[in-house]
Amino acid sequence: MTIEENVPLAPLTTMKVGGPAKLFVNAITEDDVMSAVEYARSNHLPWFVLGGGSNLVVADAGFSGVVIKIAIPGVKSCDVRRRRREYVVGAGEEWDTLVAKAVAENCAGIETLSGIPGTVGGTPVQNVGAYGQEVAETIQSIRVLDLQNMRVKEFSNAECGFSYRTSIFNSTAAGHYIVLGVTYSLEIGGPARVTYADLKRYFGEGRQPSLQETRDAVRAVRLSKAMLIVPDDEDCRSAGSFFKNPIVEDSKYQEVAAIAAQKGIVAAPPKYPATDGKVKMSAAWLVENAGFSKGYTRGNAAISRKHALALVNHGSATAAEIIALRDEVQRGVSGMFGIQLHPEPVMLGF
């Protein structure tokens with residue numbers, strides 16, 4: 001294990017803001033991860049686990065402890081029964097590289113999750129989902145380091161407590177485990193999932209695209225919304241969707257719809273079924289109809305010109321500018337509709 005000093009963190013994130021890590025470890029083995037944690041603990045230092053940096057905002061002052069970059073590689077696959085293939089993947093592998101491999105091997109289950117930045121280890125933590133699929137549907141098991149006894153253990157899918165953008169790893173057991181690897185179970189020769197409105201519009205009615213066509217379509221749609229990482233595109237310097245879609249009681253939805261009608265907003269707020277009889281509302285609709293249009297700018301921070309949920313760095317934004325814009329949007333939506341938007345990214349060093 002090698003420990004580096006004062007390593008800039010902004011280049012290791014998709015938002016490209018923030019200061020350095022006082023100490024930094026690039027952990028390429030499970031032993032590296034254990035050693036880094038033990039070093040931080042024995043020296044009474046705070047520590048943080050870094051994946052692909054796609055869901056992270058780093059404070060301008062950086063982080064005064066140890067950043068442990070999970071870089072464990074490896075992808076192994078085997079057919080476990082008829083029409084099922086398991087992929088055993090190191091937490092440091094790039095997520096989209098895995099999706100591309102699965103699609104090329106005609107294995108269905110994660111094709112609409114194409115183009116999502118980040119590493120495999122981050123996918124179960126927030127139950128990554130997009131365009132009608134979630135990783136919770138395909139995760140077979142998760143290999144973790146238990147920080148209470150420093151032993152490696154495995155969680156089954158059922159033990160992970162998956163729900164919308166949530167698992168035990170970012171809720172009830174947050175900070176108790178580090179993901180070392182994930183096993184996914186995919187369907188060999190299965191059909192592509194084309195249930196999301198954007199994809200239905202893309203392909204038109206009555207067409208069943210291949211897995212590769214679906215992957216290409218998802219990437220094209222993400223590109224049109226600046227949700228695909230493209231070098232030198234300032235609309236891509238973001239942490240993805242900055243706000244979660246709020247899940248509310250139907251009575252609250254009706255209240256928002258009434259406010260919208262009162263304000264002369266022609267389009268009714270979209271809603272989608274959620275658990276326990278609740279409905280999921282569109283955070284993007286709330287943001288735009290609270291007066292924050294695409295391209296809305298404050299200093300060097302802005303809302304993407306292509307997607308109302310992405311807060312972007314126009315090149316020299318500080319973390320403070322990003323947070324100020326976040327706060328302004330939250331206040332605006334709360335003041336207009338009485339709904340508190342909750343951010344998706346992790347905030348480090350604030």
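The model is predicted, so local features need pLDDT of at least 70 and side-chain atom pairs count only at pLDDT 80 or more, while totals for chains, interfaces and linings use all residues. Residues are numbered from 1 along each chain as its sequence is written, and side-chain values use heavy atoms, with hydrogens and water left out. Helices (H or I, at least four residues) and strands (E, at least two) are DSSP runs, numbered from the N terminus.

**The open sheet**

- Four strands make up an open sheet with mixed pairing, in the order β1-β2-β5-β3; two strands pair if DSSP finds at least two bridges between them.
- The edges are held by β1 (3–8) and β3 (47–50), and each has a single partner strand, so one side of each lacks a neighbour in the sheet.
- On average, neighbouring strands of this sheet are turned by 35° against each other, direction ignored; the axes are lines fitted to C-alpha atoms, for helices over the stretch in contact, and angles run from 0 to 180 degrees between N-to-C directions.
- β1 and β2 (residues 20–27) pair in the antiparallel sense over five bridges, and here Glu 5 stands opposite Leu 23 in β2.
- β2 pairs with β5 in the parallel sense over six bridges, with Leu 23 standing opposite Val 66 in β5.
- β3 and β5 (residues 63–70) are also joined in the parallel sense, over four bridges, and Val 66 in β5 is the bridge partner of Trp 47.

**Cysteines**

- How many disulfides does the structure hold? There are zero, where a disulfide is a pair of cysteine sulfur atoms within 2.5 Å.
- Cys 160 is buried, at a relative accessible area of 0%, on a scale where buried means under 20% relative accessible area, exposed over 50% and partly exposed in between (1.4 Å probe, protein chains only).
- Cys 236 also counts as buried, with 3% relative accessibility.

**Positive phi angles**

- For context, most residues other than glycine have a negative phi.
- Arg 83 has a positive phi, near 70°; this residue sits in the loop between β6 (75–81) and β7 (84–90) and is partly exposed, with a relative accessible area of 37%.
- Arg 165 also has a positive phi, of about 55°, although it is not a glycine.
- The place of Arg 165 is the loop between β12 (151–156) and β13 (177–188), where Arg 165 counts as buried at 14% relative accessibility.

**Aromatic pairs**

- The structure holds ten aromatic pairs: rings of Phe, Tyr and Trp (its six-membered ring) pair if their centres lie within 6.5 Å, and planes under 30 degrees apart count as stacked, over 60 as edge-to-face and the rest as tilted.
- One of them joins Tyr 131 and Tyr 196 edge-to-face, with 5.2 Å centre to centre and 75° between the planes.
- This pair links distant parts of the chain, 65 residues apart: Tyr 131 is in the loop between β9 (129–130) and β10 (133–134), and Tyr 196 is in the loop between β13 and α3 (197–203).
- Tyr 131 counts as buried at 10% relative accessibility, whereas Tyr 196 is partly exposed at 37%.
- Phe 155, Phe 169 and Tyr 177 are linked into a cluster by ring pairs.

**The second largest pocket**

- The second largest pocket holds about 230 Å³ of space.
- On a 1 Å grid over the protein atoms alone, a pocket is an open set of points with protein on both sides within 12 Å along at least five of seven lines, and lining residues have an atom within 4 Å of a point.
- Grid points are joined across faces, edges and corners, and a volume is the space filled by probe spheres set on the points.
- Its lining has 17 residues, of which Val 88, Val 89, Gly 90, Arg 143 and Gly 181 lie nearest the centre.
- The elements giving two or more residues to this lining are β6, β7, β11 (139–146) and β13, and β13 gives the most, with four residues.

**A helix residue**

- Gln 330 is found in helix α7 (residues 319–337) and counts as buried at 11% relative accessibility.
- The C-alpha atoms of Gln 330 and Leu 286 are separated by 10.0 Å, with the two residues 44 apart along the chain.

How values were computed
On a 1 Å grid over the protein atoms alone, a cavity is a set of points where a 1.4 Å probe fits but cannot get out, and a pocket is an open set with protein on both sides within 12 Å along at least five of seven lines; lining residues have an atom within 4 Å of a point.
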